[in-house]
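Please give a brisk account of this protein model.

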Amino acid sequence: VGSSTQSPVFIIGFVRSGSTLLERVLDAHPDIVGTGENSVFNGKLDEIRNKIVEASMGGDSLELADVISEMADDVVSDMKTRWEMVVGADKPEKAPQRFVDKMLTNYYNVGFIHMLFPNALILHVAREPMDTLFSAYKHEFPAGPLDHTSFFPSLSEMYLAYRDLIEHWDRELPGRITHIRYEDMVNDLPTVAKGVIEKAGLPWDDEVLEFHKKKQAVNTLSTTQVRKGVYKDSIQAWKRYESQLQGLVDLVGERKSYDSLKTTLPGMM
């Protein structure tokens, strides 16, 4: 069931967890292109779901498998077409083999992604919880879906829901998600980068470690940091404001720690 392609690579996680750094590392590989938060599904998730549900009601498993494969192939085709439109005349001779989707909230859709793309790489990037929450809280995002980050109760509620979902997928689809600790990225980027490229099924290229030199539009609040390369200033940064953040610590409770989560890349397990 689903497409056999490995073309899409999904990065999931909570906002301000290091996803932009991971995407830029991947994008530095000549066979990988980062598409930012422009999801490969291109707003068609509901339409695809409806077609799959409709096919499943017919009771014909072969027809259902055909519909799922067709929908998956259409997503990949559309993804490549949109990439060609974006690059235009700058299109390289060799098309990318992997397209990185950094729609972080796809952690809601892991089961759906698995059904459509059983061979696609799903990368979950996670950062020390209080550093994540403090970083999200202190940044002024544009009005919209991240409004919840401005208030301790809503921020903690969203964070706890995210943790619940990651744990759910790890129980129901053990090993399907590849976990990457942000702290491992900044402390040992060469090992993490080589592990990620290996998981993506591509040969190593030294350009990957020169990601900060690549001219690439980065349209998130992480722009400046990414172009500086790897830095460690943000690790345990929340501690400087521990007393002011105590209310948030209390709301998060035991999940103020994520020590149980380990990076599950080759060379790091």
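This report takes the sheet, the cores, a helix and the charged pairs in turn.

The model is predicted, so local features need pLDDT of at least 70 and side-chain atom pairs count only at pLDDT 80 or more, while totals for chains, interfaces and linings use all residues. Residues are numbered from 1 along each chain as its sequence is written, and side-chain values use heavy atoms, with hydrogens and water left out.

**Sheet**

Helices (H or I, at least four residues) and strands (E, at least two) are DSSP runs, numbered from the N terminus. Two strands pair if DSSP finds at least two bridges between them. Five strands form an open sheet in the order β2-β3-β1-β4-β5, with parallel pairing. β2 and β5 (177-181) are the edge strands; each has a single partner strand, so one side of each has no neighbour in the sheet. From one strand to the next, the twist averages 25°; axes are lines fitted to C-alpha atoms, and angles run from 0 to 180 degrees between N-to-C directions. β2 pairs with β3 (residues 98-101) in the parallel sense over 3 bridges. In β3, V100 stands opposite G34.

**Nonpolar cores**

A nonpolar core is a set of buried Ala, Val, Leu, Ile, Met, Phe, Trp, Tyr and Cys residues joined through side-chain atoms within 4.5 Å. Buried means under 20% relative accessible area, exposed over 50%, and partly exposed in between (1.4 Å probe, protein chains only). The largest core has 50 residues, and F41, L116 and F117 have the most contacts inside it. Elements that each supply at least two of its residues include β1 (8-12), α4 (110-116) and β4 (121-126). α3 gives the most, with 8 residues. A second, separate core of 27 residues includes V100, V125, A193 and F211.

What does F41 touch, not counting residues up to four places away in sequence? Its partners are F10, I48, V75, D101, N106, F112, I113, L116 and F117. Contact here means heavy atoms within 4.5 Å.

**Helix α5**

Why is α5 largely enclosed by the rest of the structure? Because 8 of its 10 residues are buried. They are P129, M130, D131, T132, L133, F134, S135 and A136. The cover over these buried residues includes α6 and α10. At the start of α5, a side-chain oxygen of E128 comes within 3.0 Å of the backbone nitrogen of M130.

**Salt bridges**

Side chains of opposite charge can pair when their charged atoms come close. A salt bridge is a side-chain nitrogen of Lys or Arg within 4 Å of a carboxyl oxygen of Asp or Glu. The count comes to 12 salt bridges.

| Pair | N to O distance |
|---|---|
| E23 and R24 | 3.1 Å |
| K44 and D78 | 4.0 Å |
| E47 and K51 | 3.4 Å |

E23 is buried at 2% relative accessibility, and R24 is buried at 6%. K44 lies in the loop between β2 (32-34) and α2 (45-56), and D78 in helix α3 (residues 61-87), so their pair ties together parts 34 residues apart in sequence. K44 is partly exposed at 34%, as is D78 at 21%. E47 and K51 are 4 residues apart in helix α2, which separates them by about one helical turn. E47 is partly exposed at 41%, and K51 is partly exposed at 36%. Salt bridges with shared partners join E23, R24 and D27 into one network.

Methods
Polar contact = N/O pair within 3.5 Å; in protein donor to acceptor, adjacent residues only side chain to side chain.
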